[in-house]
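Here is a note for a colleague who is learning to read a protein model. Please keep the sequence and the structure open beside it.

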Amino acid sequence: MRVGFFTYGMDRSLSGIGRYAVELTRALRRLEPGLEVVLLNPYPRSELGWYREFETYPLPILARVPLAATLGSLVLHQAARRLDLDVLHDPCGIAPFLVPSPGYRRVVTVHDAVPLATPDLQPLATRLVFRTLVPWTRFSADAVLTVSHHAAADLERLAGIPRAKLHVTYNGVNPPPPMGEAEVRGVLERLGVEPPYFLYVGNLVARKNLPRLVQAFRLLRQEIPEARLVIVGARQWKSHEVFQHDLTNVLVPGYVSDDDLHALYYGARALAFPSLYEGFGIPAVEAMAHGTPVLTSNLSSLPEVVGDAALLVDPASAESIRDGLRTLWHDAALREELRRKGLERAKIFTWEQTARATLEVYRRLTG
């Protein structure tokens with residue numbers, strides 16, 4: 001079987017969707033060595049090492065969203081025919097499938113329904129893609145993958161995608177490498193991070209609820225002046241709103257390497273992740289895999305993903321977030337309970353399991 005992946009958005013530091021595409025393709029190859037994976041690459045000059053691991057096919061004309069949305073259907077169709085693909089998979093949720101596709105099957109991963117459920121939390125271009133191309137997948141795609149049952153329900157309700165066409169394939173996380181206390185301490189000192197601290201991980205975007213997290217942290221510091229918060233992630237749409245608040249005892253190192261991120265997880269008192277909407281919430285599972293207690297939202301997919309292994313708060317209330325942070329700061333027994341439960345919960349979410357569920361969809365379509 002030959003499967004082509006449209007790899008839009010992988011010309012820069014990888015976020016959740018990019019990591020999904022990288023880890024899924026690698027896991028598919030490990031699971032099914034005879035599977036042929038071709039990366040349809042809009043960025044032939046990309047320095048991302050992943051592109052050297054697989055057969056690639058350059059498509060520089062599709063390097064921008066408007067072109068990917070308008071020309072993508074015809075260009076990808078031609079590439080799929082030329083490459084003799086059995087399956088064309090868009091893992092990025094753009095879903096540029098408009099023309100018929102005789103001879104191969106089309107799969108798209110739509111990671112969440114944020115632009116439909118909370119349109120004020122996304123930029124205009126993303127909203128337009130979701131309002132047009134994503135609902136059209138009920139006609140144009142042979143299968144729509146998504147990463148939680150909550151996301152599937154929202155896509156059925158808001159985009160009109162039939163439940164029979166939706167397939168839940170949870171994200172995975174890689175087991176973190178062990179790190180000794182001295183190694184962790186060395187990374188933290190280099191980054192200028194002084195424990196104890198709360199950690200946020202994720203892009204700096206509106207739906208992540210960072211302004212309210214900072215507000216809650218400011219309330220916490222009225223009671224616990226020594227508390228610290230570290231915010232890790234790339235600046236994106238409306239990230240400037242974070243910096244309009246008092247950032248005393250808040251460190252924002254930006255995007256960090258994987259090795260540095262492991263150390264930050266290991267060294268944190270807890271992950272603070274009160275997002276307003278997540279299709280899955282990879283940072284919550286990453287934190288659990290590191291044995292880091294998790295505070296997260298009681299909305300969207302997050303309760304489904306974390307189960308009873310996290311402290312849930314109301315993300316719309318700075319006071320609720322503050323109360324949760326205070327509890328985790330003082331209650332060592334609760335932190336230990338969440339650490340233990342989180343380590344067990346994280347074992348459910350592996351990239352092998354993601355690949356196995358994805359491969360089952362491919363086989364069903366092509367069999």
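The points below go from the ground rules to some strands, a helix and an arginine.

1. This is a predicted model, in which local features need pLDDT of at least 70 and side-chain atom pairs count only at pLDDT 80 or more, while totals for chains, interfaces and linings use all residues. Residues are numbered from 1 along each chain as its sequence is written, and side-chain values use heavy atoms, with hydrogens and water left out.

2. Helices (H or I, at least four residues) and strands (E, at least two) are DSSP runs, numbered from the N terminus. Strands β8 (residues 198-201) and β9 pair in the parallel sense over four bridges, where pairing requires that DSSP finds at least two bridges between the strands. Val 201 stands opposite Val 232 in β9.

3. Strand β9 (residues 229-232) is covered on both faces, with Leu 229 and Ile 231 buried on one side and Val 230 and Val 232 buried on the other; buried means under 20% relative accessible area, exposed over 50%, and partly exposed in between (1.4 Å probe, protein chains only). In a regular strand the side chains alternate between the two faces of the sheet.

4. The buried residues of α8 include Leu 213, Ala 216 and Leu 220. They pack against β8, β9, β10, β11 (270-273) and α12.

5. Arg 322 lies in helix α12 (residues 318-330) and is buried, with a relative accessible area of 15%. Beyond its neighbours within four places in sequence, Arg 322 is in contact (heavy atoms within 4.5 Å) with Ala 216, Leu 219, Leu 220 and Glu 223.
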